Structures are given as C-alpha cells and as structure tokens.
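Open the model in your viewer and keep the selection tool ready. We will go stop by stop.

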Amino acid sequence: MAKFVTIGERIHCISPVIRKAMDERDPAPILKRAKEQIDAGATYLDVNIGPAESDGEERMKWAVQLLQDNFDNVPLALDTSNKKAIAAGVEVYNRSKGKPIVNSADAGDRISYINVAADCDAIVIALCSKAGVPAGVDERMGYLMEMLELGMGLGMEPDDMWFDPLVVVAKGMQDQLGDVLEALRQFSEQGFKSTGGLSNVSNGMPKNLRPIMDSAFIAMAMQAGLTSAIINPCDLRMMETIKSCDIVKNEVLYADSYLDL
Amino acid sequence: MAFTNKPQVFNAKINPITFGANGHEVTLGGSNVYPLYSFDAPIANAPKVGIQVSDKGFDASLPELAKFYEGCNTVVEMAKRAASAEGVDFVCLRLESADPNGDNASVEDCAALAKAVAEAIDKPLAVIGSKNVEKDATLLGKVAEALTGYNPLLLSCKEENYKAVAASAIMAYGAKVAGESAVDINLAKQLNVLVKQMGIAAGNTVMNVGTAAAGYGFEYVASTMDRVKGAAMTQNDVDLQLPIVTPLGDEAWGVKETLLEESDNPAWGAREERGIQMEICTASACLASGSDAVILKHPASVKTISAFVAALM
C-alpha cells in the first residue's frame, strides 16, 4: 500500500476559462489553476482538452509541456477521447515524477484506450462499466476481469491499471452506494489499485453540503481500499480528510504539521 | 527450489550531506537501501565514525585513554591526537564547559576554541554544544560564525531553539546542523518540517534522533530508527530522508556497567574494558538500526567500529 494519490480535476475544458485558454494557447489561466491544485497538495493533474478532434495532438503536446516545464515535471493524467492526442502528449511527457495516466478506458466503446496505454507504457484508468451504470458488485468485477485480461495480454503490469468502480450519485442512487464500497473492498482484497471521480457522489446536492458528503464518502472509500481519486484538491475539507485517513491507515508518518505537508 | 535474491532497492534515498572543508570532507547518507544492506545495492557512503573530545579534558582514570592522550596539555592538542586515531572520519568537539549549570564558559571563548581546533586538525569538525537549549541558541550561532569556511556540523537544535540556531548557524553562516529529538519519531519528523518551513533547503540538516546505552531501553531507539528509515524508503517521506548522526559516548559511559569501579565489583573486571565494550555494542546496534554516523569517546572503540563498517561494505 502507499500514500493516497490525488488527481486534480480542475484543468477541464468544460470550464469556459480553460476552454478559452486552450483555444487561444494562453498559458496564464491554466498555470494559475495548476498552481492552486499543486499548492493544495494534488499528486497528479488531470488535463482534459475535450474531444479536440481537429488539433488534439498539437493541443495536448502544448498543455503537457506547459505544465511540466512550469511545475517540475508534475505527473499528468491525459484526458481526451482523441487517442492520437494522448499518444502525442505521451511523446513529450517527462516521466521523472511518475508515469502518465490515460484517462480513461471502459469495458465498452472505450476499451481500446487500454491498448493506447499499453503502447505507450502508461497507467490506465479503467472504468468498470460497459454502457451506463453497472448493476452491482459482480458486474463490476466482471468488467474488471475483462479489462485486466486485455491489459495483461498486452504486457501491462496490473499495478498500472487503476480500476474505477463508477461512483454513483447519492441523490437518486443512494441504494447503490454500498455496491461501490463493496466493489472497492473486493478490488483491494485482490491487490488491485483503484480510482474514481469522487465528487460524483454529491452531484446535484446544495453547494454547502457537497464537501461534507465528499469527505465522508472518501473516508469510507479509503477504508474500503480506494488508492487514488480524481478530486478537486482545492476542497480543503476533502484534502484534510484524505491526509487524516493516510495517518489512520499508517501510510504517512504522523507529525503535528501533517496537514501542511 | 533455489533461493533467488530480490534486492530491496528503493527509488527514494537519504539526502547526501557533506561537512568539512579544505580537502577534509565527509559525506553522510546517499543510500537507497536499508541500513548496512550492502547486499541489496552498493551503499553510496559508508557510515562514518567520529571521535568526541571534551573541552573539559579526558577521564584520566582510564589507563589506556590516558596513554592515548599522553603529553596533550590543551584541548587543541587533544583534538589533534584524536584526529590521528585509527579509523577516525571526523572529530567532534564537545563544549561541555559552556553549560550554565557548570563552568558557564562564555560563547566567545567557546567559539575561539572551536576555531583553534578546526585550524589544528586535518579532519572535518563537528561541535556539540552545552546541551542547554538557551545557551546553545546563542552558542551554536557564534561557533558557526567562528567556523566560517570550515563547513562544520553543529549538534544540535531542538524544538525549543531551532529558530535561533537555524537562522544564525545555517542561514547566516552556512553550517550544517542536526535536529535533535529524544527517541520520538513523530517529533523527529515535526522538527524537520519546522526547520524546512523556515525556508531551509534539504541538504543542510541531519537528524539526531537520540539514543540510549545498549540495555537501557535501546529497543525504543531501534524501533524509532527502523521506522524513520522505513518511512524514508518505503513511503518516500522527504521529511525523514535525512542522515542520522548519533553521539553515544556520554550515554555509553554513563550507566552502571561503565561507572562502577573494578574495586567495587572485581568480578566485572576493568572499567575501561567495559566502557569500550558498551560503546561498541551501542554503536554497532545504532549502525544496524540506521545511524549514518556515530560519535564515540574511546579510540579503541573507534578502531573496532570503523573495522566493523569496513567489513560490511
């Protein structure tokens, strides 16, 4: 086991500011968000450039180099549906602080992203879903095995496949949250690494409640064995919870300043 | 089935830190394997052995020690003699007389003595202060100033005086400083964090995580050092990737087994022999647990420990 890995989600072209900055190749807004997340303690940064069908390769290269040059080769998760753009990003990627992550594959239409990761010796986030929300724990485990077989057949190390149980939303699918935790427990029992889009749990909830729900859920998920998550690292309550859980799990040695580290 | 060796080599490593100057330097740390695990990977810098000289002289009741320092009339002469002992990597001057509850020597006199010693010896110099936190807050800064250019290692700053010591000794005069905690792993880490938060870069500080004489609660020392090295290597905890320096002469020579005179218990044999054995036992246990340098008082134990390290590299 190891210290929990956080993947900062705030460089996402769903944000108008980021989209505009990417379109115009304007570094300032992107560097600002990167710095905020790194200062807040993010391990990896996710770089979502959208589908970027026309200029994805050039766009991803620009973003990777911009971030790594300015932030001491910060490790990145390359997030786009454009496979060529991922390969192009990996080409210019510096691995000194960690392998690149391909975000993401699933057991359905996106299964070939595992091939992309295998080809460029990257980590892959593998979503345990085919179409829509998996029906239960067994279905999630089934997809995991399908993707694992493919990855291992391509020569990947199981440690380079981070399985995402698909975190469901509390407001509406409350009855299935137990399945998510149980799936994580089973992943962990078999030694697999995991990740997930954590804030999904609080989707649609009032803004003041979201950090509370997110923090409670991540603590329970970490106890179930979750090894990383895609989160907003600027959510102080969430980061404090993660750091505290790492202490409780004996992954990080306690010191009075542990929240500052 | 045949045994296959799986070396435990880590991506993490202990920060290498060099002290001394003018062609007389030693480097501590740098290793990316567990302590003394030279069978897993070559150890970047072998553990070092220092010899401690007190400004209050030596224990003349120990015949072999008296013979070793024979003819030395000053602390500087003692330090020169100590530097020439077999197996010595560095000399450690202990400013015992600075203790306000003892002779209360002035910081100026102590700093001048440290400078005279540094000028006289052909080995890197470490200095241990009075062990009084208030006195050391000014003393170590003054010593660092006097030793400008000698790149000394100063022991130690503690939780109570790290701000003053780090600001003067490290920031103003570029000395290397040890952060001292009393066999408490969380405090050891916390002190490193506090010093780092003052803006001091890694590579300027080492740790003295404390020790005890073998048999006097040493299991706590072993456990502390094990966990420090474990966190540094397996968890890549940068706040614990500092070399450990362990002065142990005072502890080894300060327990019943080494204080009791032969006349009080003839069955135990000569006190000097017992003291040497206690230093050797404690030092070898510290090295096995994680010390990157040990500091001893007796030249006979220095020689043995130095040979012990050489044989394991």
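Which side chains meet A:D55 and A:R59 in turn, or rather, what kind of contact do the side chains of A:D55 and A:R59 form? They meet in a salt bridge, at 3.3 Å from N to O. Keep in mind that this is a predicted model.

Stay on this pair. A:R59 is buried, with a relative accessible area of 9%. A:D55 is partly exposed, at 22%.

A:R25 counts as partly exposed, at 21% relative accessibility.

Zoom out to chain A. Ten helices and eight strands make up its secondary structure. Its radius of gyration is 17 Å, close to the 18 Å that the globule rule gives for 261 residues, so chain A is as compact as a globular protein of that length. Of these 261 residues, 55% count as buried.

Next, select B:D250 and B:K131. Their salt bridge has its closest N and O atoms 3.2 Å apart. B:D250 lies in helix α8 (residues 249-252) of chain B and B:K131 in the loop between β5 (125-128) and α4 (133-146), so the pair ties together parts 119 residues apart in sequence.

Last stop: A:D256, B:E159, B:E160 and B:D184. They form a negative surface patch. B:E160 is exposed, with a relative accessible area of 59%.

How values were computed:
Residues are numbered from 1 along each chain as its sequence is written. Chains are lettered from A and ligands numbered from 1 in the order in which they are written. This is a predicted model: local features need pLDDT of at least 70, side-chain atom pairs count only at pLDDT 80 or more; totals for chains, interfaces and linings use all residues. Side-chain values use heavy atoms; hydrogens and water are left out. Patches are made of residues with over 30% relative accessible area and no salt bridge: like charges are joined within 9 Å, nonpolar side chains (Val, Leu, Ile, Met, Phe, Trp, Tyr) within 5 Å. Accessible areas come from the Shrake-Rupley method with a 1.4 Å probe; for residues, only the protein chains shown count as cover. A salt bridge is a side-chain nitrogen of Lys or Arg within 4 Å of a carboxyl oxygen of Asp or Glu. Lys and Arg count as positive and Asp and Glu as negative; His and the chain ends are not counted. The place of a charge is taken as NZ of Lys, CZ of Arg, CG of Asp or CD of Glu. Buried means under 20% relative accessible area, exposed over 50%, partly exposed in between (1.4 Å probe, protein chains only). Helices (H or I, at least four residues) and strands (E, at least two) are DSSP runs, numbered from the N terminus. The radius of gyration is taken over C-alpha atoms; the globule rule is 2.2 Å times the number of residues to the power 0.38.
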